[in-house]
Amino acid sequence: MNTDRGLFPIDLTENQIESEKSFVKFVEEDILPIADKIDREDDMPESVFERMTELGLWGAAIPKTYGGMELDNMTLGLLARALGRGNASILSLLIVHSMVGSVLSRWGTNEQKQEWLPKLAKGDAYASLALTEPQGGSDASNLKLVVEKEGDSFRVNGKKTWISGAQHSDVAIVVGSLEGKPTAFLIDLNEVEGLSRKKIQGMVGFRGAMLAELDFENCLIPKSSLIGRVGFGFSIVAGYALDLGRLWVSWGCCGISESCLKMSVDYSAERMSFGNKLLDHQLIQKMIADMMADVTSSLLVCYHTSKARDENGTAVDESAMSKYIASTASRRVSDNALQIFGAAGCSESSHIQRYWRDAKIMELIEGTTQIQQILLGRHAKRYF
Ligand SMILES: Cc1cc2nc3c(=O)[nH]c(=O)nc-3n(C[C@H](O)[C@H](O)[C@H](O)COP(=O)(O)OP(=O)(O)OC[C@H]3O[C@@H](n4cnc5c(N)ncnc54)[C@H](O)[C@@H]3O)c2cc1C
């Protein structure tokens with residue numbers, strides 16, 4: 001693995017280049033050697049959490065005031081890109097943790113910030129973001145999890161499912177319906193009585209993302225759990241989190257696609273078939289050219305989205321476009337890679353089959369491909 005930036009190199013500062021080198025070193029030394037084992041065992045070893053704590057990565061998106069690294073959006077992207085090359089489950093755990101950290105930094109009360117941000121930044125506590133419910137994730141504002149006021153507390157009833165990190169997370173942002181309006185709450189999962197967690201395993205990809213279902217049955221949570229205002233849950237809180245999440249997922253997809261491309265070029269330059277190297281066959285060249293086009297367009301759109309977020313603080317349409325381009329690209333690129341590798345790519349000892357399965361999940365999380373298409377189509381008049 002190297003940090004080449006492809007046919008159209010992206011312009012980075014010295015600091016960003018140095019940071020990227022350290023992320024790549026971490027992935028090469030600590031993640032890639034165990035990446036397939038994590039996938040096979042469908043679990044995340046404690047050593048990964050500890051190493052990320054040592055490197056300060058849990059605080060990547062958290063302000064320095066609370067002990068975080070407060071990385072700019074370009075550097076966050078480079079981190080996601082390196083982790084995408086390593087293991088998508090680790091990336092997804094860091095994404096949801098960071099989405100919670102950044103929502104709290106922006107919308108949390110002083111009390112919520114003081115209590116949770118230093119712990120999240122240090123990796124002394126882990127966070128999840130619980131939006132999806134059993135009846136559907138795309139129609140996320142149609143919530144069946146109900147929250148009612150009760151004296152100085154709220155009573156919570158309902159289920160959240162497919163929640164990354166929820167097997168072990170200490171705290172979660174949970175979006176529920178209060179007075180019929182989507183509203184966000186910060187819930188201490190270790191303290192709340194009446195909550196049960198059901199481990200989810202055996203997914204097609206992201207095997208190691210520690211998914212769980214959260215079942216809240218008559219749970220009482222303090223009034224101080226409210227984030228922002230009643231009705232802020234979907235458009236403001238979840239919207240803010242998804243803006244960051246989509247960008248990170250997109251950069252992670254770049255990592256998957258670049259690894260698949262690099263491995264495919266190396267393999268097809270060696271492998272012989274019909275007396276020629278695979279790379280000398282024009283049908284293989286077509287696949288490689290398509291992969292190069294997908295990698296290049298993904299990287300360029302992610303680069304511009306990070307830049308837009310660094311300059312303007314937000315980039316909603318750009319993030320949706322990045323997610324759309326990079327996730328569909330990584331599905332195609334990993335599919336071509338599997339085709340080029342043949343049976344060798346399907347073996348459990350090959351990273352390719354894992355990239356291929358994880359790339360499919362990338363098309364579902366942080367808004368499916370269809371949801372990005374709907375958002376972009378709805379906003380087309382702004383630009384054309
Ligand atoms: C590995 C993994 C990790 C996840 N982690 C989290 C997490 O941490 N937190 C969380 O809240 N959720 C999480 N999710 C859930 C994820 O966000 C949802 O799967 C996603 O939002 C889609 O919801 P759904 O699966 O219920 O599909 P549905 O919403 O039921 O959609 C089914 C299909 O119909 C399409 N569709 C829906 N509506 C329309 C429409 N109007 N027009 C056209 N097509 C449409 C969708 O694109 C999809 O292809 C995770 C999922 C996975 C697989």
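A polar contact here is a pair of N or O atoms within 3.5 Å. With that in hand, here's a look at the ligand site in this predicted model. The ligand takes up the space of the largest pocket, and 20 residues surround it.

- T368 comes in at 2.6 Å, counted from an N or O atom in its side chain to an oxygen atom of the ligand.
- Q370 also uses its side chain: one of its polar atoms sits 2.7 Å from a ligand oxygen.
- L129 works through its backbone instead, with an N or O atom 2.8 Å from a nitrogen atom of the ligand.
- On its own the ligand would expose 970 Å², and the protein buries 66% of that.

**Who's in the shell**
- The closest residues are T132, S138, W162, T368 and Q370.
- Sorted by class, the shell holds 13 nonpolar and 7 polar residues, with no charged ones.

**Where the shell comes from**
- Domain 2 (127-230) and domain 3 (234-382) both give residues to the shell, so the ligand lies between them.

Methods
Residues numbered from 1 in each chain as written. Predicted model: local features only at pLDDT ≥ 70, side-chain atom pairs only at ≥ 80, totals over all residues. Heavy atoms only, no water. Near = heavy atom within 4 Å. Polar contact = N/O pair within 3.5 Å; in protein donor to acceptor, adjacent residues only side chain to side chain. Areas by Shrake-Rupley, 256 points an atom, 1.4 Å probe, with all protein chains shown as cover. 1 Å grid on protein atoms, 1.4 Å probe; cavity = no way out; pocket = protein on both sides within 12 Å on 5 of 7 lines; lining within 4 Å. Sits in = over half its atoms within 2 Å of the grid points. Nonpolar A, V, L, I, M, F, W, Y, C, P; charged D, E, K, R; others polar. Domains from an automatic or database assignment.
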